[in-house]
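Biologist: I have the sequence and the picture open. Please walk me through them.

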Amino acid sequence: MVGDDIITLVEMNSSYTPYVEKVKSLGYPEDKEREMLFKVWEDMLNQLVDKKLTDMEIKKYNIEVSDEEIQKTIERIKEANFFTDEDFRKELAKDGLTFDAYQKSLKDQMLRTKLVNQEIKSKIVITNDDIRAYYDSHTEEYGGKIKYHLRNIILKTPPMPDEMLMRTAAKIMNEVLIDLNKGESFEEVGKKYKEELSIIDGGDVGAFELDELSSEIGEAVKGLKAGEFTSVIKTDMGYQIFFIKDVENIHGTSLEDASDEIERKIYNKTIEKRFQLWVDELREKTNIKILK
């Protein structure tokens, strides 16, 4: 019971049944499956209660949607998807819907949209301070980024090397580093030591942001300029030295350019939050009783 209205078991089963097979197909243990089915049941019931509450508000405010509005909306949908009337009906059939059932569902959606516009959207104001605060707190999204274009010299070691091999490998790579510090190029050093164990001039390995690199390599590369190189780094693959071919500064999005997008994000998030608060208030004011 929702106020003077009623949700029948038939309505409940109609909403709930399509999800039963989906849950059962996941292969959970019996106890977990029962728990999930109960959760789905509760969620469906809450959704039906919320729908009844909004339906009651739609009636209260005499909100209406004309047949002409529904048809215009359907025509816009068909046009956006390049559907003929026949194509459109075939797509509905794939989802198990008749045209009449879709029209009814669309009318319900449009009524609720008008209600939300009247009771929630019209009362939302997004200020410049709101936009600035969001921008400042999402630097990872709108701030600039740095990419390091790398090449490497690597002395590969086996997965479980003995201590003698590791000491020898470290010694050779330190000699490589000394030659690099003397001004020899990566190419020259790579050729010079190519016969030593399995040392390889790895060449160009690509451009990366710091968070795309392992912590060891990222720390070694961070702050270096084009033309500089790291110290010897011990990695899972072996000992490596990285040369910075280039540092690319990717400019972020300015507040001015990001403002419209941020306003939409704040607006949509605010709608969701306020809609739920509004529904919760309706629940508190309405006599709701579940008969078990």
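Modeller: A word on labels to begin with. Helices are DSSP runs of H or I with at least four residues, strands are runs of E with at least two, and the numbering starts at the N terminus. On that scheme, Ile6 sits in the segment before α1. Keep in mind that this is a predicted model.

Biologist: What is Ile6 in contact with?

Modeller: Met1, Glu11 and Lys52, once neighbours within four places in sequence are left aside. Ile6 and Ile290 are 284 residues apart along the chain, yet 9.7 Å separates their C-alpha atoms.

Biologist: Back up a bit. What is the mean pLDDT of the chain?

Modeller: It is 88, and 97% of the residues reach 70 or more.

Biologist: Which elements have the lowest and the highest mean pLDDT?

Modeller: Strand β2, residues 199-208, is the lowest at 76. Helix α3, residues 67-80, is the highest at 93. Where pLDDT is low, the coordinates should not be read in detail.

Biologist: On to the inside. Which residues touch the most other members of the largest nonpolar core?

Modeller: Tyr16, Ile74 and Ile262, in a core of 41 residues. At least two core residues come from each of α1 (9-24), α2 (30-60), α3, α4 (85-94), α5 (99-119), α6 (128-136) and α11 (255-285). The largest share is from α2, with eight residues.

Biologist: And what does Ile74 touch?

Modeller: Leaving out residues up to four places away in sequence, Ile74 touches Phe88, Phe99, Tyr102, Gln103 and Leu106. Another core lies apart from the largest one. That one has 15 residues, including Leu155, Met166, Ile172 and Met173.

Biologist: Now helix packing. How do the axes of α2 and α11 cross?

Modeller: At roughly 85°, coming within 10 Å. Angles of 65 to 115 degrees count as roughly perpendicular, so that is what α2 and α11 are to each other.

Biologist: Which residues make the contact?

Modeller: From α2, Asn46, Val49, Asp50, Leu53, Thr54 and Glu57. From α11, Phe275, Trp278, Val279, Leu282 and Arg283. They split into six nonpolar, two polar and three charged.

Biologist: Where do the axes of α6 and α11 come in?

Modeller: They come within 9 Å and cross at roughly 100°. The two helices are therefore roughly perpendicular as well. On the α6 side are Asp130, Ile131, Arg132, Tyr134 and Tyr135. They meet Leu255, Ala258, Ser259, Ile262, Glu263, Lys265 and Ile266 of α11. This contact has seven nonpolar residues, one polar and four charged.

Biologist: Last topic, backbone. What is the phi of Asn62?

Modeller: It is positive, about 55°, although Asn62 is not a glycine. Most residues other than glycine have a negative phi. Asn62 is in the loop between α2 and α3.

Biologist: Asn62, buried or exposed?

Modeller: Its relative accessible area is 63%, and the cut-off for exposed is over 50%. So Asn62 is exposed.

Biologist: And what about the phi of Phe82?

Modeller: Positive too, about 55°, and Phe82 is not a glycine either. Phe82 belongs to the loop between α3 and α4. With a relative accessibility of 74%, Phe82 counts as exposed.

How values were computed: Residues numbered from 1 in each chain as written. Predicted model: local features only at pLDDT ≥ 70, side-chain atom pairs only at ≥ 80, totals over all residues. Heavy atoms only, no water. pLDDT = per-residue confidence, 0-100. Core = buried A, V, L, I, M, F, W, Y, C linked by side-chain atoms within 4.5 Å. Buried < 20%, exposed > 50% of the residue type's maximum accessible area, 1.4 Å probe, protein only. Contact = heavy atoms within 4.5 Å. Axes fitted to C-alpha atoms, helices over the stretch in contact; angles between N-to-C directions. Parallel < 35°, antiparallel > 145°, perpendicular 65-115°, else oblique. Nonpolar A, V, L, I, M, F, W, Y, C, P; charged D, E, K, R; others polar.
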